[in-house]
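Welcome! Let's go through this model together, one question at a time.

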Amino acid sequence: MKSSGALAILQKEFMHMARDPSTILFALLPPIFQVIAFGFAIDTDVRNLSTIVCNQDGRQASRALIDQFENTGTFQIKEYAHSSEALFRALVEGRYMVGLHIPPDFS
C-alpha cells in the first residue's frame with residue numbers, strides 16, 4: 001500500500017468522525033475502559049516460585065543465603081540437588097522455575 005493511499009484513507013476517516021462525533025466516542029471509549037479494567041485486574045507481584053538449590057559450599061554463609069531467598073516469599077525451595085548437572089536437568093525438564101547454584105568456594 002502506498003503512503004498516499006494510506007493518507008487518503010486516514011483523511012476519509014477523520015472527515016467521517018468530524019461529521020459524526022459519536023464515532024469518536026465509540027473509537028476511544030472501549031480502549032480506555034480496557035486499560036482501566038486490566039490495570040486493576042493484572043497482578044505483577046511474583047510469589048512462590050518453585051526453586052531447586054544446589055549448595056556445593058555447605059557452610060553457614062551459603063545456608064544463610066538460602067534462608068534469605070526463602071524468607072522473601074518469592075521463592076519456595078522444593079528440592080536440593082546434589083550436583084550442578086542435576087540442577088540443570090531439573091530446570092530444562094521444567095520441574096522448577098528457578099535454580100540457585102552456590103559454588104564450592106562461595107564462603
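**Cores, contacts and overall form**

The largest nonpolar core is made up of six residues: Ile52, Cys54, Ala81, Leu87, Ala90 and Tyr96. Such a core is a set of buried Ala, Val, Leu, Ile, Met, Phe, Trp, Tyr and Cys residues joined through side-chain atoms within 4.5 Å. This is a predicted model, in which local features need pLDDT of at least 70 and side-chain atom pairs count only at pLDDT 80 or more, while totals for chains, interfaces and linings use all residues. Residues are numbered from 1 along each chain as its sequence is written, and side-chain values use heavy atoms, with hydrogens and water left out.

Q: Which elements give two or more residues to this core?
A: The core has six residues, with Ile52 and Leu87 among them. Helices (H or I, at least four residues) and strands (E, at least two) are DSSP runs, numbered from the N terminus. The elements that supply two or more core residues are β1 and α4 (84–92).

Q: Does Ser50 count as buried or exposed?
A: Ser50 sits in strand β1 (residues 49–55). Buried means under 20% relative accessible area, exposed over 50%, and partly exposed in between (1.4 Å probe, protein chains only). Ser50 has 16% relative accessibility, so this residue counts as buried.

Q: How many Å apart are Ser50 and Gln76 in space, C-alpha to C-alpha?
A: Contact means heavy atoms within 4.5 Å, and Gln76 is one of the residues that Ser50 contacts once neighbours within four places in sequence are left aside. In sequence the two are 26 residues apart. From C-alpha to C-alpha, the spacing is 5.1 Å.

Q: How does Val46 count at 44% relative accessibility?
A: Val46 belongs to the loop between α2 (22–41) and β1. Its C-alpha atom is separated by 6.2 Å from that of Thr74, 28 residues apart along the chain. Because its relative accessibility is 44%, Val46 counts as partly exposed.

Q: What radius of gyration does the protein chain have?
A: The C-alpha atoms fill a box of roughly 75 × 35 × 25 Å along the principal axes. The radius of gyration is taken over C-alpha atoms, and the globule rule is 2.2 Å times the number of residues to the power 0.38. A compact globule of 107 residues would be near 13 Å, but the protein chain has 27 Å.
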